[in-house]
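This report goes through a protein structure part by part. Look at the structure first, then follow the text with it at hand.

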Amino acid sequence: MSTPRIANPSRRGLLAAGGALGLGALLTACGGGGSSDSGEESGQAAGKKGPWTFKDDRGQTVRKDRTPRRIVAFTGTAAALHDFGVECVGVFGPTKLKDGKPDPQAGDLAVDKLTVLGNAWGEFNVEKYAGLNPELLVTNMYEPDALWYVPDDSKKKILALAPSVALTASRVPMLETVKRYAALAESLGADLKDRKVTDAKARFEKAAETLRKAAKGNPVKVMAASGSADLFYVSNPAVNADLMYFRELGIDFVVPEKTDQGGYFESLSWENADKYRPDVILLDSRTSALQPKDLAAKPTWERLPAVKAGQVTPWLSEPRFSYAGCAPLLEGLAAAVEKAKKTS
């Protein structure tokens with residue numbers, strides 16, 4: 001994989017599954033992603049009449065004769081669109097946990113009612129995607145022109161079926177991406193004045209102000225990190241969208257001295273995992289990352305002052321870019337900062 005989101009290092013080197021038997025016939029039958037009358041009811045509710053256009057963050061403009069209804073998206077993307085009132089017919093990316101429950105990135109999606117094209121990095125069933133008669137594919141973009149969770153080795157086949165929209169998910173503050181999702185959702189027929197959306201926005205704004213006050217009232221040092229079996233990754237608050245926004249609100253983050261290619265994090269061996277000594281640790285809570293119970297056997301983890309003080313809080317490092325998805329992240333960090341104590 002050539003352009004992973006570096007903030008998830010454990011997925012590096014995985015190859016996309018790609019391709020499927022019978023794809024050629026399906027491509028012909030689907031006519032490059034046209035919709036059928038029989039499948040419209042399961043897609044997006046009727047949106048705005050007339051031609052539809054949207055310019056994404058690659059600078060590419062998608063034009064359709066009508067508003068797309070049969071939308072397929074990365075799981076976190078579909079969850080964000082759902083929060084704004086737009087539904088997808090299929091998803092790809094972390095959707096279900098091993099016990100069958102929804103992955104945290106699925107948000108409030110009814111995952112059992114969606115066609116899941118792949119549940120892990122490199123998984124994307126192209127044949128099943130073609131069978132959905134997709135009208136639009138939407139995903140995040142952490143690096144220029146890199147479509148998140150769209151495998152490189154089957155990308156050409158996938159993009160031949162329907163146009164795509166990619167929204168930037170790094171190097172801009174989280175709120176900017178949320179606004180872009182709102183704009184996309186509105187173009188697809190969402191009502192941003194709907195009570196559900198306005199209530200979520202009000203909660204988000206209140207949470208942002210709470211975090212701002214917490215950061216000012218208790219200026220502790222915070223470190224965002226992710227653990228794997230061999231390495232400890234300290235994330236860069238100048239690149240990750242959520243950390244950038246938290247920083248704007250006043251959070252004092254550890255800034256890694258020497259980041260890896262891409263600038264997302266500094267890789268530390270476990271022998272050197274105590275290089276930085278923050279008061280609070282935001283620990284990557286995704287299923288691909290090691291959790292505190294998994295890290296207990298690492299001596300340097302146990303020696304970290306924040307760990308000793310019990311000041312480790314979960315960090316969903318791939319935000320769901322909606323007001324509803326991001327408000328809990330602000331609230332959780334604010335609560336952790338408010339009760340944290342200096343460790344040195």
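## Strand S12 and its partners

The model is a predicted one. S12 covers residues 280–284 and S13 covers residues 312–315. The two strands run parallel and are joined by four bridges. S12 also pairs with strand S8 (residues 221–227), again in the parallel sense and over four bridges. In that pairing, Ala224 is opposite Leu282 of S12.

Are the residues of S12 buried or exposed? Five of its five residues are buried, so by the cut-off of under 20% relative accessible area the strand is mostly covered. In a regular strand the side chains alternate between the two faces of the sheet. In S12, Val280, Leu282 and Asp284 point one way, while Ile281 and Leu283 point the other way. Residues on both sides are buried.

The structure has 17 salt bridges. One of them joins Arg320 and Asp108, with their closest N and O atoms 3.8 Å apart.

Asp83 belongs to helix H2, which spans residues 75–84. Its relative accessible area is 5%, so Asp83 is buried. The side chains of Asp83 and Arg320 make a polar contact of 2.7 Å. Asp83, Asp108 and Arg320 are linked in a network of salt bridges. Beyond its neighbours within four places in sequence, Asp83 is in contact with several residues, including Asp108, Lys196, Val197 and Ser322.

## Helix H11

Helix H11 runs over residues 323–339 and has 17 residues. From its first C-alpha to its last it reaches 25 Å, close to the 24 Å expected at 1.5 Å a residue. Which residues of H11 are buried? Among them are Tyr323, Cys326, Leu329, Leu330, Leu333 and Val337. An α-helix has 3.6 residues a turn, so residues three or four places apart point the same way.

## Two further salt bridges

Asp252 and Lys221 meet through their side chains in a salt bridge of 3.1 Å, N to O. Asp252 is in strand S10 (residues 252–253) and Lys221 is in strand S8, so the pair ties together parts 31 residues apart in sequence. Asp252 has a relative accessible area of 36% and is partly exposed. Lys221, at 29% relative accessibility, also counts as partly exposed.

Another salt bridge joins the side chains of Glu266 and Lys275, at 2.7 Å from N to O. Glu266 counts as buried, at 5% relative accessibility. Lys275 counts as partly exposed, at 37%.

Where is Arg171? It is in the loop between strand S7 (164–168) and helix H5 (174–187). With 37% relative accessibility, Arg171 counts as partly exposed. Its side chain makes a polar contact of 3.5 Å with the side chain of Tyr264. Not counting residues up to four places away in sequence, Arg171 touches Tyr142, Glu143, Val239, Met244, Gly262 and Tyr264.

Tyr142 is also part of a cluster linked by ring pairs, together with Phe74, Phe92, Trp121, Phe124, Tyr129, Trp148 and Tyr149. The whole structure holds 16 aromatic pairs.

Key. Residues numbered from 1 in each chain as written. Predicted model: local features only at pLDDT ≥ 70, side-chain atom pairs only at ≥ 80, totals over all residues. Heavy atoms only, no water. Phe/Tyr/Trp six-rings, centres within 6.5 Å; stacked < 30°, edge-to-face > 60°. Buried < 20%, exposed > 50% of the residue type's maximum accessible area, 1.4 Å probe, protein only. Contact = heavy atoms within 4.5 Å. Polar contact = N/O pair within 3.5 Å; in protein donor to acceptor, adjacent residues only side chain to side chain. Expected span 1.5 Å × (residues − 1). Pairing = 2+ DSSP bridges. Salt bridge = Lys/Arg side-chain N within 4 Å of Asp/Glu carboxyl O.
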